[in-house]
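Look at the model, then work through the answers.

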Amino acid sequence: MLNKEVLSKRQKEYHKYLNSRHWIEKRRDIINMRGGKCEYCGEEPEKTIQLRWRGIIFAEIITNQLHVHHLNYNHLGYENYKYDVRIACKKCHKKIHNAK
């Protein structure tokens with residue numbers, strides 16, 4: 001069993017990775033390659049609404065946000081699009097993690 005300090009370090013590294021440019025680009029590619037909808041319930045693709053003022057975008061709101069769920073963490077940073085991840089809507093992603 002992992003002690004709390006090691007687990008906390010891994011969680012911090014994982015969250016840092018999720019905020020990296022590498023993951024943001026990979027997440028976009030995964031969603032596009034895998035059909036752009038929840039693979040559990042079929043939730044429609046995410047939509048971005050741009051809020052503008054005098055032609056300048058000052059905010060973007062993402063609706064129907066899709067998550068990329070890691071089935072395992074064996075290839076973190078080098079995820080295989082077919083075997084390591086699935087697309088899940090927010091509701092399904094929450095169900096997956098609550099079931100564990």
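Q: How many helices and how many strands are there in the chain?
A: This is a predicted model. From the N terminus on, its elements run α-α-β-β-β-β-α. The count is three helices and four strands.

Q: What share of the residues of the chain counts as buried?
A: The chain exposes about 8,000 Å², and carbon and sulfur atoms supply 53% of that area. The chain has 100 residues. The buried share is 24%.

Q: Which residues of the largest nonpolar core touch the most other members?
A: In soluble globular proteins, nonpolar side chains tend to be buried together. Here the largest nonpolar core has 13 residues. Those that touch the most other members are Ile30, Leu66 and Val68.

Q: Which element gives the most residues to this core?
A: Helix 2 (21–33), strand 3 (66–70), strand 4 (85–89) and helix 3 (90–98) each supply at least two residues. Four of the five residues of one of these, strand 4, are buried. With four residues in the core, the top contributor is strand 4.

Q: With which residues is valine 68 in contact, leaving aside its neighbours within four places in sequence?
A: Valine 68 is one of the core residues that touch the most other members. Contact here means heavy atoms within 4.5 Å. Leaving aside neighbours within four places in sequence, the partners of valine 68 are Trp23, Arg27, Ile30, Ile31, Val85 and Arg86.

Q: Which residue of strand 4 is the bridge partner of histidine 70?
A: Strand 3 and strand 4 run antiparallel. Five bridges join them. In strand 4, the partner of histidine 70 is valine 85.

Q: Which residues of helix 3 are exposed on the side away from its buried residues?
A: The buried residues of helix 3 are Cys92, His93 and Ile96. They cover an arc of only 100° around the axis, so they sit on the same side of helix 3. Their cover includes strand 3 and strand 4. On the other side, the exposed residues are Lys90, Lys91, Lys94, Lys95 and Asn98.

Q: How many disulfides does a search of the whole structure find?
A: A disulfide needs two cysteine sulfur atoms within 2.5 Å. The sulfur closest to that of cysteine 38 is in cysteine 41, at 3.7 Å, too far for a bond. For cysteine 92, the closest is in cysteine 89, at 3.6 Å, also too far for a bond. The search of the whole structure finds zero.

Q: What is the relative accessibility of cysteine 38?
A: Buried means under 20% relative accessible area. Cysteine 92 counts as buried, at 9%. Cysteine 38 counts as buried too, at 4%.

Q: Is tyrosine 40 buried or partly exposed?
A: Tyrosine 40 lies in the loop between helix 2 and strand 1 (47–53). Leaving aside neighbours within four places in sequence, its contacts include Ile87, Ala88, Cys92 and Ile96. Its relative accessible area is 42%, so tyrosine 40 is partly exposed.

Definitions and conventions:
Residues are numbered from 1 along each chain as its sequence is written. This is a predicted model: local features need pLDDT of at least 70, side-chain atom pairs count only at pLDDT 80 or more; totals for chains, interfaces and linings use all residues. Side-chain values use heavy atoms; hydrogens and water are left out. A nonpolar core is a set of buried Ala, Val, Leu, Ile, Met, Phe, Trp, Tyr and Cys residues joined through side-chain atoms within 4.5 Å. Buried means under 20% relative accessible area, exposed over 50%, partly exposed in between (1.4 Å probe, protein chains only). The arc is that of the directions from the helix axis to the C-beta atoms. Accessible areas come from the Shrake-Rupley method with a 1.4 Å probe; for residues, only the protein chains shown count as cover. Two strands pair if DSSP finds at least two bridges between them.
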